[in-house]
Amino acid sequence: SIFGAILFLRLPWSIGQAGVLGALLLFALAGITIILTVMSIAAISTNGNMKGGGAYYMISRALGPEFGGAVGLVFFAANTLGITFYLIAFASEIHSMVGGGHWMVTLYASGALFLLLLVGLGGANIFAKLNFFVASCLTVSIVAALASFLFGKKGESGYTGFSGETFSNNFDFGFTDGYSFFSVFVVVF
């Protein structure tokens with residue numbers, strides 16, 4: 001879900017704001033941050049016996065219950081907002097294809113959330129099967145995006161095909177509407 005929302009909705013926007021160079025720097029900075037986080041989590045989780053509770057248990061055991069509770073609340077809020085972001089991204093894309101009024105986005109997102117509730121109630125086996133289906137859909141979407149890039153008709157929707165001029169125009173930073181490197185980084189990350 002993260003991959004789809006970022007790849008299809010925010011990557012073009014981030015390149016439009018930060019340019020190709022800025023987008024590469026954004027992803028490099030995000031990658032370094034993620035690698036350091038994963039290494040920290042690996043160090044904490046291999047330092048003893050893991051019990052039920054997942055990330056909250058691991059953090060509270062390493063930092064103490066006070067910090068663990070505070071981090072657990074932030075972790076819960078981040079997951080809740082993340083799910084909201086993914087559902088709105090999904091519903092916005094469905095709305096752009098199907099159409100309807102403004103409230104249809106809410107209806108599409110609510111319907112998707114209800115389906116996710118059913119999957120959660122169905123158990124890990126159904127989740128694993130659905131996850132494979134979603135990964136397959138993302139793979140087909142990426143292949144279709146690459147095919148449209150390679151074989152698209154020039155002139156449609158501003159598409160210029162392979163063009164050194166277009167690449168050089170989009171290479172450098174070009175922030176608009178008061179955005180900066182870090183504000184674009186926050187949106188992408």
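## Confidence

pLDDT is the predictor's confidence in each residue, from 0 to 100. This is a predicted model. The protein averages a pLDDT of 83. A score of at least 70 is reached by 90% of the residues.

Confidence is lowest in helix H2, residues 54–63, where the mean is 74. Confidence is highest in helix H4, residues 103–122, at 93. Where pLDDT is low, the predicted coordinates should not be read in detail.

## Overall architecture

The protein has seven helices and zero strands. From the N terminus on, the order of elements is α-α-α-α-α-α-α. Of the 189 residues, 19% count as buried.

The protein exposes about 13200 Å². Carbon and sulfur atoms supply 74% of that area. Take the contacts between residues at least 6 apart in sequence: 52% of them join residues at least 24 apart.

## The largest nonpolar core

The largest nonpolar core has seven residues. They are Ala-18, Leu-26, Ala-30, Phe-181, Val-184, Phe-185 and Val-188. H1 and helix H7 (181–188) each supply at least two residues of this core. H7 gives the most, with four residues. In soluble globular proteins, nonpolar side chains tend to be buried together.

Ala-30 touches Phe-185 and Phe-189, not counting residues up to four places away in sequence.

In H7, Phe-181, Val-184, Phe-185 and Val-188 are buried. Seen down the axis of H7, the buried residues fall within an arc of 105°, so they line one face of the helix. An α-helix has 3.6 residues a turn, so residues three or four places apart point the same way.

The face of H7 turned away from the buried side carries Phe-182 and Val-186. Both of these residues are exposed.

Ser-14 sits in helix H1. Ser-14 has a relative accessible area of 0% and is therefore buried. Leaving aside neighbours within four places in sequence, Ser-14 is in contact with Gly-19, Ala-23, Leu-26, Val-184 and Val-188. Leu-26, Val-184 and Val-188 belong to the largest nonpolar core.

Gln-17 is also placed in helix H1, which spans residues 2–45. The relative accessibility of Gln-17 is 5%. Buried means under 20%, so Gln-17 counts as buried. The side chain of Gln-17 makes a polar contact of 2.9 Å with the side chain of Thr-176. Beyond neighbours within four places in sequence, Gln-17 is in contact with Phe-173, Gly-174, Phe-175, Thr-176, Tyr-179 and Val-184.

Asp-177 lies in the loop between helix H6 (164–171) and H7. The phi angle of Asp-177 is near 55°, a positive value in a residue other than glycine. The relative accessible area of Asp-177 is 71%. Exposed means over 50%, so Asp-177 counts as exposed.

Definitions and conventions:
Residues numbered from 1 in each chain as written. Predicted model: local features only at pLDDT ≥ 70, side-chain atom pairs only at ≥ 80, totals over all residues. Heavy atoms only, no water. Buried < 20%, exposed > 50% of the residue type's maximum accessible area, 1.4 Å probe, protein only. Polar contact = N/O pair within 3.5 Å; in protein donor to acceptor, adjacent residues only side chain to side chain. Contact = heavy atoms within 4.5 Å. Core = buried A, V, L, I, M, F, W, Y, C linked by side-chain atoms within 4.5 Å. Areas by Shrake-Rupley, 256 points an atom, 1.4 Å probe, with all protein chains shown as cover. Arc of directions from axis to C-beta.
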